[in-house]
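Please find below a colleague's note on the model under review. It is arranged as numbered points for reading beside the coordinates.

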Amino acid sequence: MASFNTTTTTTNTNEIDHQIKISSTSSVKEEKNLEEEVKVEMSEMEKSKVGIMRALVQKQDPSNCKEVNDDLMIRRFLRARDMDVEKASQMFLKYLSWRHSFMPPNGGCFTNSDVATDIAHNKVFMQGHDKQGRPLLLVYGGRHKQHNPDHLKRFVVYCLEKLCTRMPKGHEMFVAIGDLKGWGYANCDIRGYLAGLSILQMVYPFIDKNTKKKIVFVDNKKLKPTLLNDIHEEHLPEIYGGKLSLVPIQDC
């Protein structure tokens with residue numbers, strides 16, 4: 001699992017037509033500092049705590065899965081808990097317990113056939129990167145159709161796993177654009193949203209504090225220049241005035 005820094009733009013075509021942008025940072029300088037923080041090597045203190053935490057986790061979860069042997073994975077949990085080994089270990093064990101019970105056996109991942117219903121909605125795309133090198137995710141809320149919440153859970157994890165595999169070395173963040181154009185009652189899937197949130201709760205502790213609190217409303221006429229603040233035109237989807245064709249997430 002990676003930590004996530006999201007920029008989300010949504011479109012609403014009801015009485016008020018607007019976009020909403022959620023940004024994790026208040027300046028380009030801050031974003032660069034965040035990226036530099038991810039890329040630096042572990043300090044001696046971090047190495048020590050990673051080793052201690054791994055030993056604690058292995059005592060309670062002897063499965064020896066790949067996540068336990070991933071130093072950067074363990075560091076993410078430590079950072080999410082202010083380097084408190086005990087709290088980070090408990091959080092990590094909960095994550096491992098969920099993963100063992102929910103994911104395919106033997107460390108497997110969900111395949112296209114496991115999420116065929118959601119793929120058929122043609123609602124999630126992934127291509128290109130923002131100016132910081134983070135992969136872009138585009139979600140069309142108006143194309144979602146209500147169905148089994150457990151299937152949506154699988155699809156959320158499927159998308160997150162796809163994003164993690166697309167992240168360049170040294171990056172632990174992605175950018176998401178949520179487009180709600182055409183969204184209405186038929187797309188209002190409360191059970192599905194709750195199911196999706198239950199998965200995203202595993203991600204929430206990693207989200208930058210500024211992402212959680214900063215929401216900017218943008219008029220439709222300012223959509224393209226707003227997106228161009230974070231995304232180069234060659235990586236911006238054609239539908240928003242860019243040059244990149246949409247690529248369904250299953251083809252990534």
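This is a predicted model: local features need pLDDT of at least 70, side-chain atom pairs count only at pLDDT 80 or more; totals for chains, interfaces and linings use all residues.

1. Residues are numbered from 1 along each chain as its sequence is written, and side-chain values use heavy atoms, with hydrogens and water left out.

2. Aromatic pairs come to a count of 8. Rings of Phe, Tyr and Trp (its six-membered ring) pair if their centres lie within 6.5 Å; planes under 30 degrees apart are stacked, over 60 edge-to-face, and the rest tilted. The pair of Phe77 and Phe92 is tilted, because the ring centres are 4.7 Å apart and the planes stand at 50°. Phe77 belongs to helix α3 (residues 71-80) and Phe92 to helix α4 (residues 85-102), so the contact ties together parts that are 15 residues apart in sequence. Helices (H or I, at least four residues) and strands (E, at least two) are DSSP runs, numbered from the N terminus. Both Phe77 and Phe92 are buried, where buried means under 20% relative accessible area, exposed over 50%, and partly exposed in between (1.4 Å probe, protein chains only).

3. One aromatic cluster is formed by Phe77, Phe92, Tyr95, Trp98, Phe102 and Phe110. Leu93 also lies in helix α4 and is buried, at a relative accessible area of 13%.

4. A stacked pair is found in Phe155 and Tyr158, with 5.9 Å from centre to centre and 20° between the planes. Both residues lie in helix α6 (residues 149-166), 3 residues apart, about one turn of the helix. Phe155 and Tyr158 are each buried.

5. The charged end of Arg143 sits over the ring of Tyr140, 4.1 Å from the ring centre. The criterion is that NZ of Lys or CZ of Arg is within 6 Å of the ring centre and within 35 degrees of the ring normal.

6. How many residues of strand β5 (residues 175-179) are buried? The number is 5 of 5. Val175, Ile177 and Asp179 point one way from β5, and Ala176 and Gly178 point the other way. Strand β4 (residues 135-140) pairs with β5 in the parallel sense over 5 bridges; pairing requires that DSSP finds at least two bridges between the strands. Leu137 stands opposite Ala176 in β5.

7. The largest cavity has a volume of about 40 Å³. A cavity is a set of points on a 1 Å grid over the protein atoms alone where a 1.4 Å probe fits but cannot get out, and lining residues have an atom within 4 Å of a point. Grid points are joined across faces, edges and corners, and the volume is the space filled by probe spheres set on the points. Among the lining residues are Asp118, Lys123, Phe155 and Gln250.

Key. On a 1 Å grid over the protein atoms alone, a cavity is a set of points where a 1.4 Å probe fits but cannot get out, and a pocket is an open set with protein on both sides within 12 Å along at least five of seven lines; lining residues have an atom within 4 Å of a point.
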